Amino acid sequence: MKYLPLHHNFTGRSCLVIGGGPVAAKRAARVIEAGGRVDVIASAAGDDLKNRVEAAGGTVALRPFAPGDVGPQYALVVAATDDREVNRRVAAEAGRRGIAVNVADDARRCDVVFPLTIDRDPITITVASGAASPTLTRLLGERIHSLVPSGYGELARLVGRFRKQAQARIPNTAERIRFWENILQGVVAESVFSGKPAEAARLLTQALESPRASQALGEVYLIGAGPGDPDLLTLRAFRLLQQADVVLYDRLVAAQILEMLGADTERIYVGKRRADHSVPQHNINRMLSRYARQGRRVARLKGGDPFIFGRGGEEIEHLASQGIPFQVIPGITAASGCASYAGIPLTHRDHAQSVRFVTGQLQDGSVNLDWESLVAPGQTLVFYMSLNGLPIICEKLLAFGLTPSLPVALVEKGTTLQQKVHVSTLGEMRSVLERNEVRAPTIFIAGSVVSLHRSLNWFRTS
């Protein structure tokens with residue numbers, strides 16, 4: 001490690017910046033944001049830089065650099081001109097006077113560097129590569145930025161207000177650490193992230209009144225895992241999975257998503273398939289409430305979206321009746337994901353003005369649907385769980401008036417590298433099934449929008 005990572009309290013201190021270009025302006029702004037004062041010496045400087053520096057009590061001198069400009073009043077010197085020889089002379093002068101220097105684009109002469117900063121005041125996260133790879137630094141910073149909600153700053157301020165109370169209420173250090181870990185990964189934190197700071201403060205106050213009781217009840221996260229591609233998992237879903245103690249998952253959840261779980265996370269398979277329910281739904285409901293009552297954070301991980309043919313409504317009805325805290329994290333539903341990866345827009349001005357999501361299998365195992373409404377013009381039909389009943393579906397749609405030439409597509413294992421798109425017509429779909437060994441999961445799409453697949457098919461699996 002070449003650089004000692006420190007966060008420097010620069011409030012009320014002074015920095016000398018040599019240069020007036022974009023890099024100089026950016027670094028001057030960083031110093032001012034940290035409460036420092038900046039003096040600038042440059043051959044030219046823009047109005048934005050000049051106004052910002054002077055508003056913070058600094059000066060801008062439009063002239064060449066001279067060795068005497070580096071004085072003891074400065075805690076930091078920045079050399080950011082486009083002349084490497086000038087930058088070298090600035091660094092040398094700062095070194096002679098024992099003042100820390102940052103030299104733009106010359107890591108060898110730097111005493112300090114300006115890292116990439118993710119600001120969640122009062123939380124500050126920095127990323128630096130010692131100038132080895134600024135691009136990699138930026139990419140890592142973007143990744144961290146997307147994974148750390150802006151609410152973490154509000155959460156830190158909330159915790160700061162209650163720290164003394166927690167120390168008085170929970171004198172044992174180990175117990176207090178466990179208390180804060182539960183708070184920072186539980187309903188209090190989620191209330192902050194959901195934009196409900198007053199609710200978060202109320203819950204934290206309640207938890208401090210009875211610290212042991214506050215840890216007795218966990219929370220359930222009902223999470224949509226998306227249609228197959230693990231990259232389609234939402235950031236919120238990823239964050240909650242990282243902190244889950246136990247995960248109940250379905251058979252359609254990608255293995256790569258399960259690999260994201262912590263090593264100590266308990267994993268329980270509760271998948272279902274036609275005529276094979278490894279764990280009945282009422283048992284799943286009981287497991288969710290039982291684990292939550294043990295004070296555990298429980299993730300119920302479902303393929304697609306939990307509220308679209310995912311029985312998520314039944315599960316949270318049970319949790320609500322038991323007084324178990326829960327939250328719902330939507331996922332990309334199979335219809336949207338599979339259609340997008342197949343290059344089939346579900347609506348299109350020239351083809352369809354509405355879309356219908358239909359289950360291809362009713363609770364009693366039949367496909368007795370409202371066929372008259374399904375054959376209305378100007379709409380796209382998307383059938384879930386339809387593979388076994390597809391011959392009947394096609395037969396009924398034809399019988400109720402849809403044309404045999406209507407374009408249709410059967411998307412097999414959509415959004416994954418095993419995706420196959422079987423494009424045909426409504427009248428020929430039965431023969432497609434006979435010629436191909438199609439395996440679930442599948443999504444069946446019927447409508448003129450399917451005709452766009454040939455020109456819009458962007459996702460290649462080989």
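Predicted model: local features only at pLDDT ≥ 70, side-chain atom pairs only at ≥ 80, totals over all residues.
Helices here are DSSP runs of H or I with at least four residues, strands are runs of E with at least two, and both are numbered from the N terminus. Residues are numbered from 1 along each chain as its sequence is written, and side-chain values use heavy atoms, with hydrogens and water left out.

Most residues other than glycine have a negative phi, and most peptide bonds are trans. Asp 105 isn't a glycine, yet its phi is positive, at about 60°.

| Cis bond | Omega | Loop holding the proline |
|---|---|---|
| Asp 121 – Pro 122 | about 10° | between β6 (116-120) and β7 (123-127) |
| Ala 440 – Pro 441 | about 5° | between α17 (429-435) and β19 (442-446) |

**Helices around α8**

The axes of α5 (residues 151-169) and α8 (residues 197-209) come within 11 Å and cross at roughly 15°; axes are lines fitted to C-alpha atoms, for helices over the stretch in contact, and angles run from 0 to 180 degrees between N-to-C directions. That makes α5 roughly parallel to α8 (angles under 35 degrees count as roughly parallel, over 145 as roughly antiparallel, 65 to 115 as roughly perpendicular and the rest as oblique). In contact terms (heavy atoms within 4.5 Å), the α5 side includes Leu 158, Phe 162 and Arg 169, and the α8 side includes Ala 201, Leu 204 and Glu 209. By class, this α5 contact with α8 has eight nonpolar, two polar and four charged residues (Ala, Val, Leu, Ile, Met, Phe, Trp, Tyr, Cys and Pro count as nonpolar, Asp, Glu, Lys and Arg as charged, and the others, Gly among them, as polar).

Helix α6 (residues 173-184) packs with α8 at an angle of about 155°, the axes being 12 Å apart. That makes α6 roughly antiparallel to α8. Phe 179, Trp 180 and Ile 183 of α6 touch Leu 204, Ala 207 and Leu 208 of α8. This α6 contact with α8 splits into six nonpolar, no polar and no charged residues.

**Rings**

Arg 290 sits over the face of Tyr 291, at 5.2 Å from the ring centre; the test is NZ of Lys or CZ of Arg within 6 Å of the ring centre and within 35 degrees of the ring normal.
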